[in-house]
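Please read the following briefing alongside the sequence and the structure. It begins with one chain, moves to the contact between two chains, and ends with a single residue.

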Amino acid sequence: MPVVDLPHTRIHLQEMNKGAAETVLMVHGMFTNLSIWYFNIAPILAERYHVVLYDLKGHGMSGRSQHGYDLQSMSDELLALMDALQLTSVYLAGYSYGGLIALKTAIRHPEKIKKLAVIESPNPYEQETMNVVDVYSKELLVHFVNGQGDHSPAKMGKRQLERRHRLYEFLLKESTIRQDMQQERHFFSNGGIKDIPHETLLIYGKDSDCVSAGLELQEKIKDARLLFVNGDHNIPVQEPFTIGNALKDFFYTQE
Amino acid sequence: MDQLTQPAKLSEAEILPVLKQFITEVIGEEFVEDLDITAASSFTKDLEMDSIEIVAFSEKVKNHFGKDIDFTGWLSNMDLDQIISLNLGDITKYIQSCL
């Protein structure tokens with residue numbers, strides 16, 4: 001299993017098309033893992049780019065961490081990973097909370113980002129939406145685990161139930177993830193986002209609770225385009241081929 | 001178990017134990033003891049594997065059977081529902097088709 005040891009955590013990553021000249025770095029959301037990209041979206045991008053996927057700390061196969069789930073720390077983790085992989089600049093894509101991490105990184109280090117893609121990121125001020133996002137994420141895991149075409153909860157095997165239970169128990173009860181996410185509630189209004197210079201693609205589900213966040217980001221970011229696709233917050237699972245191709249076209253720069 | 005192996009030399013009966021070994025490494029020996037792993041076993045319904053475990057399994061298949069088998073490329077043509085309902089027989093047949 002490929003891992004990179006960062007100062008505080010061991011990070012699991014997957015790379016595709018390693019020899020390509022340019023890199024797309026992809027950040028998943030809270031309570032999911034890199035598999036949200038791995039099977040469909042990343043291989044489309046890997047037709048042209050070196051693709052790097054990683055599990056955020058506390059998620060997937062990365063190490064656990066009790067602290068540091070705020071955007072500054074998560075952005076530090078992303079930047080440390082780039083340094084470890086000797087990536088000076090990347091095309092950056094983030095889903096849900098991962099999109100907020102991508103935005104934060106673009107604000108702090110615009111020179112390290114070539115273009116920015118934000119998929120279904122909520123406005124952290126809308127805590128209700130954040131909660132809905134949590135629920136969606138849990139359903140998404142159930143969806144992955146059970147292979148259900150619809151999103152109805154279905155029975156899960158004992159081992160998976162225990163795995164899920166341990167993950168949520170740890171993240172929600174033993175780590176600071178809740179408080180860390182809450183402290184970001186003014187992220188959209190604190191400034192910074194309006195100074196993002198990058199060409200930015202915003203991708204949102206037509207039926208998502210996060211649509212208003214997409215509209216707000218479109219208004220704040222000077223060079224942003226908003227793309228709606230069929231579905232709700234789960235669009236990476238519902239429309240992976242649409243999203244993969246939209247990202248590939250967006251990142252492509254004509255020389 | 002991750003050393004490169006020439007698939008041309010392997011039959012279905014030889015591939016299946018290798019896949020079983022990978023599943024054991026991914027989900028843990030204590031859970032495999034309770035499972036009857038056969039060619040008909042599917043990732044989620046029978047083996048209770050979730051998507052990140054399927055990623056780990058895929059990586060082992062790629063490392064073991066080598067670049068002639070584009071396992072991730074094969075999976076990328078399927079949607080997630082198809083991937084997680086794959087069984088070990090499907091994967092064995094795919095590996096053999098690359099011979």
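In chain A, 73% of the contacts (heavy atoms within 4.5 Å) between residues at least 6 apart in sequence join residues at least 24 apart. This is a predicted model, in which local features need pLDDT of at least 70 and side-chain atom pairs count only at pLDDT 80 or more, while totals for chains, interfaces and linings use all residues. Residues are numbered from 1 along each chain as its sequence is written, chains are lettered from A and ligands numbered from 1 in the order in which they are written, and side-chain values use heavy atoms, with hydrogens and water left out.

**Chain A overall**

- The secondary structure of chain A comes to ten helices and eight strands, taken as DSSP runs numbered from the N terminus, with helices being H or I of at least four residues and strands being E of at least two.
- Of the 255 residues of chain A, 59% count as buried, meaning under 20% relative accessible area, with exposed set at over 50% and partly exposed in between (1.4 Å probe, protein chains only).

**The interface**

- The contact draws 25 residues from chain B and 30 residues from chain A.
- Together the two chains bury about 2200 Å², 60% of it on carbon and sulfur atoms, where buried area is the accessible area (1.4 Å probe) that two parts lose on being put together, summed over both.
- On the chain B side, Glu48(B), Ile52(B) and Leu80(B) lose the most area to chain A, together 27% of what that side buries.
- The rule finds three salt bridges across the interface, each a side-chain nitrogen of Lys or Arg within 4 Å of a carboxyl oxygen of Asp or Glu.
- A salt bridge joins the side chains of Arg163(A) and Glu53(B), at 3.4 Å from N to O.
- The elements of chain B that give two or more residues to the side touching chain A are α3 (51–65), α4 (71–76) and α5 (80–84), and α3(B) gives the most, with nine residues.

**Thr88(A)**

- Thr88(A) lies in the loop between α3 (71–84) and β5 (90–95) of chain A, and counts as exposed because its relative accessibility is 65%.
- Leaving aside residues up to four places away in sequence, Thr88(A) touches Met82(A), Glu111(A) and Lys112(A).
- The C-alpha atoms of Thr88(A) and Ile113(A) are separated by 8.6 Å, with the two residues 25 apart along the chain.
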